[in-house]
Amino acid sequence: MDRIAHDRLKWKCRRGLLELDLVLGRFLDGGVNAMDEAGLKRFSELLDLPDNELWDIVSGRSDMYAARLGDVVARLRAS
């Protein structure tokens, strides 16, 4: 991933919920490097969700997300 793409994802990871900021920041610093281009697109798609909905998914309280995002959600939950 080039620097511009990384910076765009970093900007999308800035959220209104501190919990999300922490989880997404940690994931961006470590887990995102192992993802291919398709995985990065799915991660970006997941970041388009509203904060509360995204937090419920990341924290495991909700499984209401598209099946194609499952690998990204699993990585986020593991981080």
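Q: What covers the buried residues of helix α2?
A: The cover includes α1 (3–13), α3 (37–46), α4 (51–58) and α5 (70–78), where contact means heavy atoms within 4.5 Å. Helices here are DSSP runs (H or I, at least four residues), numbered from the N terminus. A heads-up: this is a predicted model, where local features need pLDDT of at least 70 and side-chain atom pairs pLDDT 80 or more, while totals for chains, interfaces and linings use all residues. Residues are numbered from 1 along each chain, and side-chain values use heavy atoms, leaving out hydrogens and water.

Q: Which residues of α2 are buried, and what puts them on the same side?
A: Leu20, Val23, Leu24, Phe27 and Leu28 are buried.

Q: Why is Arg15 called buried?
A: Buried means under 20% relative accessible area, exposed over 50%, and partly exposed in between (1.4 Å probe, protein chains only). Arg15 comes in at 14%, so it counts as buried.

Q: How do you know that Asp51 and Arg15 form a salt bridge?
A: The term needs a side-chain nitrogen of Lys or Arg within 4 Å of a carboxyl oxygen of Asp or Glu. For Asp51 and Arg15 the N to O distance is 2.6 Å, so the pair qualifies.

Q: What makes Glu45 partly exposed but Arg61 exposed?
A: Glu45 has 30% relative accessibility, so it counts as partly exposed. Arg61 has 60%, so it is exposed.

Notes:
Helices (H or I, at least four residues) and strands (E, at least two) are DSSP runs, numbered from the N terminus.
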